[in-house]
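Please read these points with the sequence and the model side by side.

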Amino acid sequence: MRSAYNSNPINYVCLFMIYPWQQAQWLKVQQQKRASRLPHALLMLGAEGLGKLDFANHLARSLLCSSPDDAGNACGECAACKLMTAETHPDLFILQAEERGKAIKVDDVRQLSSKLSLTSQFGGYQVAIIVDAHDMNINASNSLLKTLEEPSNETILILVSSNPQKLPVTVRSRCQVITFNIPDAQQSLSWLESQNIQQAQALLQLAHGAPLLALNLQQDDLLEHHKLLVSSLLKVAQNQPLIDLAEQLHKLPLSYMLNWLFDWIEDLIKLHQCGDSAQLVHVAQQAELKQLVSRSSLSGLYDYLDQLTKNKQLQSIPLNTQLLWEDLLLSWYKTLKRA
Ligand SMILES: [Zn+2]
């Protein structure tokens, strides 16, 4: 654990503004703050890429700033704001796993709880943000319960999670939930265009409508990787040798690639089930997907999804990704009847 202001794993875009799709949630917490009815524990829930952690950071700044504006935004100028920018504010705590995918441990939660039991150094709020709170192991969650049940005055715990089913009910039920939904597509597109993002529509589809994820895809050239995946799948469908294709794919970020392959297979399943009314992720490849539907069976596609799900679960274990991609492409080949 560190008592520091944390940068967002997704690129931090607007330090002093909340995103357009978070206005309603912001108004609500600000009303509660003005009425001195802000709960001691808030749980920010929603898909990845909606800026939940940015919102939590923004709220922490709002609570600790000595002269926020009328809308509750931190001033950025006062001593507290400067300390937060320098990541040294003594009343702001960030708790997260040491590495992504690892657990938040009980000792770290105990350490946080003991710090929160002391009075604040600035005489105002003490704020703790728990990043990916679902990463707490069961002992860590149990240890947090006491702090959730008997918080000291002026303590605000902000839990952030995109995977709430992994959070114990005992934790969830002690928090006020703030939900972030996928924004309206037009709002997301306008925002992405305001960030000078090219191909915003295609990126947004691949990001399942999450604007910050779409932004991330652009910044890491992931759209090019996605194109390579799709062209490889189409080449295999045309009986082209798969070893060289696997050789190219295995060098690319596995997590994104498996997710997109999952989307690709799900698109085929949707076309089987819903025909032209199917809402596809791969809208640009609709014609190719329609041809592939006639060469696949639902049961074969579901088997392939099962295989992919297992591969996704194994990602944290060191894998021979060349062999993995050869296997995935061969299974894809076998899923299709010969043209
Ligand atoms: Zn300030």
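1. H4 and H5 are roughly parallel to each other, because angles under 35 degrees count as roughly parallel, over 145 as roughly antiparallel, 65 to 115 as roughly perpendicular and the rest as oblique. The axes of H4 and H5 cross at roughly 15° and come within 8 Å. Axes here are lines fitted to C-alpha atoms, for helices over the stretch in contact, and angles run from 0 to 180 degrees between N-to-C directions. The crossing of H4 past H5 is right-handed; a crossing is right-handed if the near helix is turned clockwise from the far one by less than a right angle, and left-handed if anticlockwise.

2. Basis of the model. This is a predicted model, in which local features need pLDDT of at least 70, side-chain atom pairs count only at pLDDT 80 or more, and totals for chains, interfaces and linings use all residues. Residues are numbered from 1 along each chain as its sequence is written. Helices (H or I, at least four residues) and strands (E, at least two) are DSSP runs, numbered from the N terminus.

3. Residues between H4 and H5. From H4, the residues Val106, Val109, Arg110, Ser113 and Leu116 meet Asn139, Ala140, Ser143, Leu144, Lys146 and Thr147 of H5. Five nonpolar, four polar and two charged residues make up this contact of H4 with H5. In this scheme Ala, Val, Leu, Ile, Met, Phe, Trp, Tyr, Cys and Pro count as nonpolar, Asp, Glu, Lys and Arg as charged, and the others, Gly among them, as polar. Two residues are in contact if their C-beta atoms, placed from the backbone, lie within 7 Å.

4. The two sides of H4. Which residues of helix H4 are buried? In H4, which covers residues 106-116, they are Asp108, Val109, Leu112 and Ser113. These buried residues fall within an arc of 135° seen down the axis of H4, so they line one face of the helix. The arc is that of the directions from the helix axis to the C-beta atoms. Asp107 and Ser114 are exposed on the other side of H4. A residue is buried if 20 or more other C-beta atoms lie within 10 Å of its own, exposed if 12 or fewer, and partly exposed in between, with C-beta atoms placed from the backbone. Strand S2 (92-95), strand S3 (126-130) and helix H5 (138-149) are what the buried residues of H4 pack against.

5. H10 and H12. Helix H10 (residues 222-237) and helix H12 (residues 254-274) have axes that cross at roughly 50° and come within 10 Å. H10 and H12 are therefore oblique to each other, and H10 passes H12 in a right-handed crossing. Leu222, His225, His226, Leu229 and Leu233 in H10 meet Tyr256, Met257, Trp260, Leu261 and Trp264 in H12. The contact of H10 with H12 has eight nonpolar, two polar and no charged residues.

6. H7 and H9. The axes of helix H7 (residues 185-194) and helix H9 (residues 211-219) cross at roughly 40° and come within 10 Å. That angle makes H7 oblique to H9. Ser188, Trp191 and Leu192 of H7 make the contact with Pro211, Ala214 and Leu215 of H9. Of the residues in the contact of H7 with H9, five are nonpolar, one is polar and none is charged.

7. Two positive phi angles. Ser36 is not a glycine, but has a positive phi of about 55°. Ser36 sits in the loop between helix H1 (23-34) and strand S1 (41-46). Asp132, also not a glycine, has a positive phi of about 50° and lies in the loop between S3 and H5. Are these residues buried or exposed? Ser36 counts as exposed, with 6 C-beta neighbours inside 10 Å, whereas Asp132 is buried, with 22 other C-beta atoms within 10 Å.

8. The chain as a whole. The protein chain has 15 helices and five strands. Its C-alpha trace spans about 70 × 40 × 35 Å along its principal axes. Of the 339 residues in the protein chain, 35% are buried. Among contacts with a separation of 6 or more, 71% are between residues 24 or more positions apart.
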